[in-house]
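This report looks at how a protein surrounds its ligands. The sequence and the model are shown first, and the contacts are then taken up one by one.

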Amino acid sequence: MERDYPLERVRNFGIIAHIDAGKTTTSERVLYYTGSQHKIGEVHEGDTTTDWMEQERERGITITAAAITCFWAPTYLSADERKKTENKYRFNVIDTPGHIDFTVEVKRSLRVLDGAVVVFDGVAGVEPQSETNWRYAEEAQVPRICFINKLDRTGASFERSYKSILDRLSKKAVRMQIPLGEEDAHEGVIDLLKMKMYKFEGELGRDVVEHDIPAELKADADKYRHELVERIVENDDGLMSAYLEGREVALEDLKKTLRKAVIENKIFPVFTGSALKNKGVQLVLDSVVDYLPSPLDIPPIKGVDPRNGEEVIRHASDTDPFAALAFKLQADPFVGQLTFFRVYSGTIEAGTYLYNSTTGEKERLGRIVRLQANDREEVKKVYAGEIAAAVGLKNAKTSHTFCDEDHPIILDQITFPEPVISLRIEPKTKADQEKMGLALKRLSDEDPTFRIKSDQETGETVIMGMGELHLEIIVDRMKREFSVEANVGKPQVAYKETIMGEAEVENKYIKQSGGKGQYGHVRITIKPLEKRDPEAKVPKNVKISEGFEFIDSIKGGVIPQEFIPAVEKGVKEAMERGVTAGYKMTDISCELTFGSYHDVDSSEIAYKIAASQAFQEAARKAKPVILEPIMKVEVVVPDKFMGDITGNLSSRRGQVEGMEERGELKVIRAKVPLAEMFGYVTSLRSMTEGRGSSTMEFDHYEVVPANVALSIIESRK
Ligand SMILES: Nc1nc2c(ncn2[C@@H]2O[C@H](COP(=O)(O)OP(=O)(O)OP(=O)(O)O)[C@@H](O)[C@H]2O)c(=O)[nH]1
Ligand SMILES: [Mg+2]
């Protein structure tokens, strides 16, 4: 069977932004203009396609990233040309959430997408999550197009928003358009490459109508076109000299060179409009075709061969061995468990067995589907460069690699942020108790930033997540999707512990009282974990896991090889329990340097206990401390509340790091411990007569001050 779509006409891209910038509103237009849907759903009416969960529709926010497939022929072609199959591009679009509690969705989407459209609120410009998402895109080296949305809003300013992109995100951004009017007067956009003006007429702005640039905007357009053309020709020596000699550079050449520069992350083109008022979206879609990469344009994917640890690569080709990455699990109301995956090379057919190189197991791949606007299209075969979902897989998790068993490869893991908030959860009835375990497991399978733990002392279940909203939604989903009723405690900060110093401890665990005894003897040194150069090769005797490394320096078999994993296990278990206030310890390096054994009495359990005791003693000696999450907070308030707000932040142990104007409003940026931020939204509202707003996200962990440490330890007794 031939592939149904040539790869050069495929665009896998995400829509990313700060909360409420208009991603879902834009996605709805994408579905409408591409003809996938005959009406436009609106967020405020709760009837959009990509926000399909009840919780999303009720709250008007996106929680889970939704992938949709649709087809687009650029509007600069004639109506007849646009109908031809060979002019249509297949878009796999992912609408992501902006709220920081669901940032996992952005991270994983960017990992498997080839490009992104970054949406901005035209009043606010760059906001905190614009920065975070931009950073994720940088990490994944995903080419980007910017869309300054909401130009119709009161207070909107293209200039100010554009400048905030240049100042806070990248000097590589460049305007492709200038708006025709702002706020109420926003009517269309001027394309600086074509030097034409566009308005969006007909039903729901469906028809893109070209006009000449009005005289009063001509001078601006000339000036900015000049700037744009210069930025483009810089990337090509031939065009550069033509340009310097004063020759006119052809539009096609400009576009070709710009495409290359965007794909290489050298230029981020900026577009504008208003999704809600149906202005500008089609031109952004044209630019997705023109400038964002196809799977063929991105570098080959890297991974390691699990047989020997050597680096291997796979090209986006149907004839390369099959390699794919599972990036998302989702319980679908219509078809059941879905496992979304991106194929990097080769092909896979429904009805075959899927080899999971991360687990080393095989699983039958019954059906494969692709999500359209409102239905699930069955697919027989998935080709290199595509995104699809497997139905009913049981053992695959996010970040697992699927591949050709004869050509094994493990692709890089997706890294996820650590949860910073926890709360106790207790089933209401006996019946709930049985279902709760299953429900929590299913939800945590879907979401790598959601964790479940049982408190070792009390036996209670503790759930951990990215923020209050995250856990609130989990509890709500448990109730609606799994009919589990639960009582929940107050949200708590997820503290951690670590050490600031170094210590060496030798410990023997011996029991010899008739019969087979126990004998374990270890000597360990612990110290704070130093960052390793990710490029450098890890020595054979070092094992690295999250926040921990274990160095086996045993010489001459003084401890037999078979017992060494038990030593590591003992240390890890002791780290789970902490030594100061019972929180998990992190960022520790532990070296096993010496020990001894007994022919008869030595056992795994004896070494585990010996190591665990040795670690606890060492940790107590090595200046143990408690760490707390520090949040990056941004508060936007009218000028007159400034003093109150900054004073209040200081009283919350916050440090104000900067202030700036945003129109009539003041923006305050600060770093504040999470422990002081519970209920902040409510108190901000009362301090500002309801006119202030704030966002926060995790920034880093920091040692808590001594007096705070004391009260944490006290409260844990
Ligand atoms: N005035 C105006 N409002 C808009 C525009 N685009 C979106 N909105 C409104 O802004 C609100 C948020 O829009 P969404 O599309 O849900 O934003 P989002 O980026 O998907 O938000 P999250 O998914 O929650 O991060 C809704 O009430 C929209 O109607 C626009 O161009 N102009
Ligand atoms: Mg949304």
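How far is an oxygen atom of ligand 1 from an N or O atom in the side chain of Asn149? In this predicted model, the separation between the oxygen atom of ligand 1 and the side-chain N or O atom of Asn149 is 3.0 Å. Two further side chains, those of Thr62 and Lys150, also place a polar atom beside an oxygen atom of the ligand, and the distances are set out below.

| Side chain | Distance to an oxygen atom of ligand 1 |
|---|---|
| Thr62 | 2.6 Å |
| Asn149 | 3.0 Å |
| Lys150 | 3.1 Å |

On its own, ligand 1 has 650 Å² of accessible area, of which the protein covers 90%. The shell around ligand 1 consists of 20 residues, and those that come nearest are Lys23, Thr24, Thr25, Thr62 and Asp152.

Ligand 2 is a magnesium ion, and its protein donors are the OG1 atoms of Thr24 and Thr62, which lie 1.9 Å from the ion. Because Thr24 belongs to helix H1 whereas Thr62 sits in the loop between helix H2 (54-59) and strand E2 (66-72), the pair ties together parts that are 38 residues apart in sequence. Thr24 and Thr62 are both buried, and both are also among the residues that come nearest to ligand 1.

Terms used
Residues numbered from 1 in each chain as written. Chains lettered and ligands numbered in written order. Predicted model: local features only at pLDDT ≥ 70, side-chain atom pairs only at ≥ 80, totals over all residues. Heavy atoms only, no water. Near = heavy atom within 4 Å. Polar contact = N/O pair within 3.5 Å; in protein donor to acceptor, adjacent residues only side chain to side chain. Areas by Shrake-Rupley, 256 points an atom, 1.4 Å probe, with all protein chains shown as cover. Donors = N, O, S within 2.8 Å, 3.2 Å for Na, K, Ca; no water. Helix = DSSP H or I, 4+ residues; strand = E, 2+ residues; numbered from the N terminus. Buried < 20%, exposed > 50% of the residue type's maximum accessible area, 1.4 Å probe, protein only.
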